[in-house]
Amino acid sequence: MTNDFDSHEFNPDDELEYAPEGDDLEERLTGLDDDLVLQRANALRTGLQEYELSEEDLDVLEQATEDPNAITYLPALPVIAIVGRPNVGKSALVNRILGRREAVVEDTPGVTRDRVTYKGEWNDRRFSLVDTGGWEPDARGIDASVAAQAEVAIDLSDVVMFVVDSNVGPTSTDEAVVKLLRRSGKAVFLVANKVDDIRQEPEAANLWSLGLGQPWPVSALHGRGVADLLDAILAELPEISAVAKQEVGGPRRVALLGRPNVGKSSLLNKVVGEERVVVNELAGTTRDPVDEQVELGGKVWRFVDTAGIRRRVHLAQGADFYASLRTSAALEKAEVAVVLIDVTEVISEQDVRIIDLVLESGRALVLAFNKWDMIDDDRRRYLEREIEQDLAHVSWAPRVNISARTGRHMEKLVPALELALESWDTRIPTGKFNAFLAELAAEHPHPVRGGKQPRILFGTQASSRPPTFAVFTTGFLDPGYRRYIMRRLREIYGFEGTPINISMRVREKRKR
């Protein structure tokens with residue numbers, strides 16, 4: 001069983017029993033002989049042969065390396081986007097595919113939800129599912145809103161599922177979306193939903209008129225036809241996403257994020273307007289976002305998708321949902337996110353939600369507290385309390401206090417970005433990581449639970465960007481102990497500005 005432990009789950013109380021008082025762990029690790037460390041790690045790795053290991057375990061073990069400069073990524077999952085008018089059953093279809101009730105399903109069109117991306121699995125293939133169900137039509141009419149949502153979803157996807165209500169048939173809105181889909185060049189599956197039994201299949205056949213090929217008759221409510229649809233989609237879906245995969249090389253890519261009116265535009269204009277070397281419209285069509293290349297601190301940086309976020313958020317009244325779609329799109333292309341927070345206002349749930357999107361995406365993080373020139377001592381005191389209370393789970397993120405309007409302290413942004421990216425790239429050699437785990441467990445062993453004491457068998461860093469560790473154990477480690485491992489990792493190796501993921505792999509001995 002694999003138990004993924006996310007770095008942003010946070011409860012400061014549950015690791016207190018493991019908190020060391022002035023231990024000398026770092027000193028002991030420094031004093032270890034490198035050859036001995038490597039021999040021990042190899043012996044532990046050999047010892048794993050006595051345990052039941054899956055194919056995925058073996059893949060993870062292959063990534064083990066002593067090269068601290070090796071950069072590896074977990075492969076980007078292929079992305080399926082679900083688009084369509086309100087009330088055609090997109091959310092019901094999401095829940096059916098996931099096999100659990102995740103997306104909100106209501107009869108009211110435009111129910112807003114925080115999450116737009118889900119992880120799904122079918123026939124041992126894993127993928128991301130992007131749901132565009134949470135928007136509301138704006139004053140410009142339903143066509144503009146549907147089309148704007150579809151644009152973003154198409155950008156984010158490898159394959160598109162276009163859902164139509166077979167009982168209603170094609171509408172003018174559907175036809176507007178079809179034009180976008182045809183231009184995209186993406187594989188499109190036309191899903192005729194609400195075909196609950198064989199008598200309704202002729203209605204589905206009417207959708208051939210949309211010109212997208214074969215309609216797939218399904219009932220999201222009852223599950224009818226969904227398995228066949230998924231089999232067909234997986235035949236077209238790449239193993240690794242063509243859109244979500246990380247670019248390698250070139251200027252480091254920064255996403256500028258924050259809730260509306262927090263100062264994103266001011267910051268970008270200040271950076272571009274005063275220190276621009278080249279502003280490069282890498283893709284200037286309506287659908288593709290504009291990237292800005294600028295020089296800061298003697299280096300060229302690429303600010304990703306910022307213009308796209310700024311330009312299109314007005315297209316929908318469901319701004320929270322829509323902004324989270326654009327945020328997801330920006331994060332897919334970025335390496336580090338700068339989240340702007342307006343210090344003149346109380347830290348809001350929306351600020352925290354944007355930060356959590358960054359954590360879920362696994363990107364490096366810098367917190368920029370904007371409008372610092374506009375607050376007094378009283379507000380500063382309250383702000384520190386809010387940061388302690390609401391942002392404790394990202395206490396490891398570099399903080400910069402800036403004024404985007406005046407340009408004050410902008411020079412502090414570059415060292416923070418460099419620190420976060422250096423941490424994001426960091427790899428701990430396998431020998432050193434196992435020495436760290438061994439010394440840690442010797443100093444503070446895991447408590448006995450139910451008469452048994454789980455042992456750590458072996459650990460390795462499965463990938464960097466973000467640092468992701470796999471730890472093989474003989475039993476579940478308490479959440480507090482896992483957090484303790486993570487805290488000591490940060491204290492000894494830094495990791496300022498990057499989330500850390502630890503995957504616990506509980507394994508049993510082979511039966512003889």
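A residue is regarded as buried when its relative accessible area is under 20% and as exposed when that area is over 50%. By this criterion, in the predicted model described here, Arg379, Leu383, Glu386 and Ile387 of helix α13 are buried. These four residues cover an arc of only 100° around the axis, which puts them on the same side of α13. The face turned away from this buried side carries Asp377, Arg385, Glu388 and Gln389, which are exposed. Among the elements that cover the buried residues of α13 are strands β12 (364-370) and β13 (399-401). At the start of α13, a side-chain oxygen of Asp376 lies within 3.3 Å of the backbone nitrogen of Asp378.

An open sheet of mixed pairing is formed by 6 strands, arranged in the order β3-β4-β2-β5-β6-β7.

Helix α6 (residues 172-184) lies across β2 (79-83), β5 and β6, and runs at about 165° to β5. Helix α8 (residues 226-236) lies across β2, β3, β4 (125-131), β5, β6 and β7, and its direction makes an angle of about 175° with β6.

Strand β15 (residues 468-473) is mostly covered, with 6 of its 6 residues buried. In a regular strand, the side chains alternate between the two faces of the sheet. Both faces of β15 are covered: Thr468, Ala470 and Phe472 are buried on one side, and Phe469, Val471 and Thr473 are buried on the other.

Strands of a sheet pair through backbone hydrogen bonds, in either a parallel or an antiparallel arrangement. Strand β14 (residues 456-463) runs antiparallel to β15 and is joined to β15 by 6 bridges; Thr473 in β15 is the bridge partner of Ile456. The hairpin of β14 and β15 has 4 residues between the strands, and Arg465 in this hairpin takes a positive phi near 55°. With strand β16 (residues 501-506), by contrast, β15 pairs in the parallel sense, over 6 bridges. Here Thr468 stands opposite Asn501 in β16.

Tyr493 is located in helix α16 (residues 479-493). Its relative accessible area is 26%, and Tyr493 is therefore partly exposed. When neighbours within four places in sequence are left aside, Tyr493 is in contact with Leu29, Ile428, Lys432 and Phe436. Tyr493 and Ser423 are separated by 70 residues in sequence, while their C-alpha atoms are 8.8 Å apart in space.

Key: Residues are numbered from 1 along each chain as its sequence is written. This is a predicted model: local features need pLDDT of at least 70, side-chain atom pairs count only at pLDDT 80 or more; totals for chains, interfaces and linings use all residues. Side-chain values use heavy atoms; hydrogens and water are left out. Buried means under 20% relative accessible area, exposed over 50%, partly exposed in between (1.4 Å probe, protein chains only). Helices (H or I, at least four residues) and strands (E, at least two) are DSSP runs, numbered from the N terminus. The arc is that of the directions from the helix axis to the C-beta atoms. Contact means heavy atoms within 4.5 Å. A polar contact is a pair of N or O atoms within 3.5 Å; within protein, one must be able to donate a hydrogen and the other to accept it, and residues adjacent in sequence count only if both atoms are side-chain atoms. Two strands pair if DSSP finds at least two bridges between them. Axes are lines fitted to C-alpha atoms, for helices over the stretch in contact, and angles run from 0 to 180 degrees between N-to-C directions.
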